[in-house]
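Please look over the sequence and the 3D structure shown here before reading on. The report that follows takes up a few places in turn, and each can be looked up in the display.

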Amino acid sequence: MKLNINNTFSKELPADPNRENTRRQVAGAAFSYVTPRAPFKPVLVHVSEEMLQAIGLSEEDKASETFLRVFSGGEVLEGTDPYAMCYGGHQFGSWAGQLGDGRAINLAEVVHNDKRWTLQLKGAGETPYSRSADGLAVLRSSIREHLCSEAMYHLGVPTTRSLSLMLTGDQVLRDMLYDGNAAYEKGAVVCRVAPSFIRFGNFQLLAARRDTENLKKLADYTIRHFFSNIKEGTKDGYVQFFEEIAERTLDMVIHWQRVGFVHGVMNTDNMSILGLTIDYGPYGWLEDYDPDWTPNTTDAQGKRYRFGHQANVALWNLVQLANALVPLVEETKPFEEVLERISEGYHLKYMAMMRQKLGFQTERREDAEIIDTLEETLKATETDMTLFFRNLATFKSTAKTDEDGKFLAPVMDAFYQPDEVKDELLKRWQKWFDSYLERLKEEEISDDERGIEMNKVNPKYVLRNYMAQLAIDKANKDDFSLIEELYEMLKKPYDEQPEYEQWFAKRPDWARDKVGCSMLSCSS
């Protein structure tokens, strides 16, 4: 197994001189060297063929003993020196100080086909940043991360990727619901892949410690390798750097809103400097359209990270990043101006995205009211977001709204309680579809063409929590077939794929309150 290793982060940035793997505060360094923990008896569960090829490996490599050992943590590749990154962050709005890679270990950077990839094991043991945890991961959370990383990519959402999923053969103790009922579960390791795993928190910790020298080194490194259109080492360059990060971050959130994805833990240490979705913990897709829904049990009270609040949180996080970069520019005004522009731009981008979802090719003054009214009406009864927008593509511009509700037939499957759609609610839907039909008359596009365009942005298949849980349940019995089935289906989420039609359905009643199918904890 031969990889084209080309490390930059660990060569160009300061290392922690202490190589002991003990929990500690690490100052004056961007990372600490650490060796992954060898698993007891690793078993390869699944590999992303796309990522295998992307990093320059073959099917033969995948079948090798070396692949099994390296990507489960049992062997360190020659010429590499694995490390865990040092960063801080705000967690649920409060500064948490040093956090760091508590259960992630970067193996190496590889270059293939002019693309740079960092290979990172999640769940391969403790690091100096593990605090009171063991640095391990369990099968259920690893399945969710592996499948979702790849699913998000094929949805067109900026994201980290996943190369492989391994069982370690170890038993890992976890209190899944934080209710005092800890139990042993199957251990697992995921190999995450991204151009870089640098986060907002990497900059925040250096700024909080007034380590401007290393803050500058980190900013210049990041610009040099990932924002090469910007001149490093200049005040204007640092402002431009921040503006690009802000643009990418809010574009990512627009995509989340488009497909109904809720991250669940938008702490600043979980925000990628490259605008990628990172750290798949208690995430979820909206089942019924509820902007106040969060998948995170830890966030159940405050709902800070609820679906409808994600853009506001992203902006709040960007303010924290701006504060961290101020020492490089020595004034705040340029950052304030960027944030103001970005905030205004988000609303315009959101409107443009919603027009696409509704099949509008042009921009009209009445669009804001149509969109606002739709969102309010969707909340009036449980309405499946994915089914509603996908099926709306079949609505005919020649349809007539009628009092008996037959006009709702194309989207009726999206209602969890169709019997509720009567009387006043039926009139609300009738009024909205009247305005929608009027608006469609202003479009110079056929129904068929509109449907094709809508189906490009409204997915048919997403990784609903209950689907992931079914795959987890099977995998716990050593049956990995559903992981492969979902992986294959989610590679083409906008295609009809009639062979997978069973997955184009509302969440079943049994999954409404089942653990893993509705809300999840940070250990999920």
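Asp170 is found in strand 9, which covers residues 161-174. The model is a predicted one, and in this model Asp170 counts as buried, since its relative accessibility is 13%, a value under the 20% cut-off for that word.

When residues up to four places away in sequence are set aside, Asp170 touches Arg37, Pro39 and Phe40, and also Glu185, Lys186 and Gly187. Asp170 can also be placed relative to Pro327: the two are 157 residues apart in sequence, and their C-alpha atoms are 46 Å apart in space.

## The nonpolar cores

The largest nonpolar core has 133 residues, and among these Phe203 and Trp429 touch the most other members. Apart from its neighbours within four places in sequence, Phe203 is in contact with Ile198, Leu215, Leu218, Ala219, Thr222, Phe241, Ile273, Leu321, Ala324 and Leu325. There is also a second, separate core of 31 residues, and Val26, Ala84, Met166 and Val193 are included in it.

## A covered helix

Helix 12, made of residues 385-392, is mostly covered, and eight of its eight residues are buried. These buried residues are Met385, Thr386, Leu387, Phe388, Phe389, Arg390, Asn391 and Leu392. What do the buried residues of helix 12 pack against? Their partners are helix 8 (235-259), helix 10, helix 11, helix 13 (423-440) and helix 14.

## Salt bridges

Side chains of opposite charge can pair when their charged atoms come close. A search of the whole structure gives 46 salt bridges. One of them joins the side chains of Lys379 and Glu376, with a distance of 3.0 Å from N to O. Lys379 is partly exposed at 38% relative accessibility, and Glu376 is likewise partly exposed, with a relative accessible area of 44%.

Lys460 takes part in a salt bridge with Glu496, in which the closest N and O atoms are 2.6 Å apart. This pair links distant parts of the chain, 36 residues apart, because Glu496 belongs to the segment after helix 16 (481-489), whereas Lys460 sits in the loop between helix 14 (447-454) and helix 15 (465-475). Glu496 is partly exposed, with a relative accessible area of 44%, while Lys460 is buried, with a relative accessible area of 4%.

Lys460 also forms a salt bridge with Glu501, where the closest N and O atoms are 2.9 Å apart. Since Lys460 lies in the loop between helix 14 and helix 15 and Glu501 in the segment after helix 16, this pair ties together parts that are 41 residues apart in sequence. Glu501 is partly exposed, with a relative accessible area of 36%. Elsewhere in the list of salt bridges, a network links Lys122, Glu145, Arg192, Arg199 and Asp279.

## The second largest pocket

The second largest pocket has a volume of about 370 Å³. It is lined by 16 residues, of which Gln257, Gly308, Tyr346, Tyr350 and Glu375 are the closest to its centre. Which elements give two or more residues to this lining? They are helix 9 (310-329), helix 10 (333-358) and helix 11 (367-378). By residue type, the lining of the second largest pocket divides into six nonpolar, five polar and five charged residues.

How values were computed:
Residues are numbered from 1 along each chain as its sequence is written. This is a predicted model: local features need pLDDT of at least 70, side-chain atom pairs count only at pLDDT 80 or more; totals for chains, interfaces and linings use all residues. Side-chain values use heavy atoms; hydrogens and water are left out. On a 1 Å grid over the protein atoms alone, a cavity is a set of points where a 1.4 Å probe fits but cannot get out, and a pocket is an open set with protein on both sides within 12 Å along at least five of seven lines; lining residues have an atom within 4 Å of a point. Grid points are joined across faces, edges and corners, and a volume is the space filled by probe spheres set on the points. Helices (H or I, at least four residues) and strands (E, at least two) are DSSP runs, numbered from the N terminus. Ala, Val, Leu, Ile, Met, Phe, Trp, Tyr, Cys and Pro count as nonpolar, Asp, Glu, Lys and Arg as charged, and the others, Gly among them, as polar. A salt bridge is a side-chain nitrogen of Lys or Arg within 4 Å of a carboxyl oxygen of Asp or Glu. Buried means under 20% relative accessible area, exposed over 50%, partly exposed in between (1.4 Å probe, protein chains only). A nonpolar core is a set of buried Ala, Val, Leu, Ile, Met, Phe, Trp, Tyr and Cys residues joined through side-chain atoms within 4.5 Å. Contact means heavy atoms within 4.5 Å.
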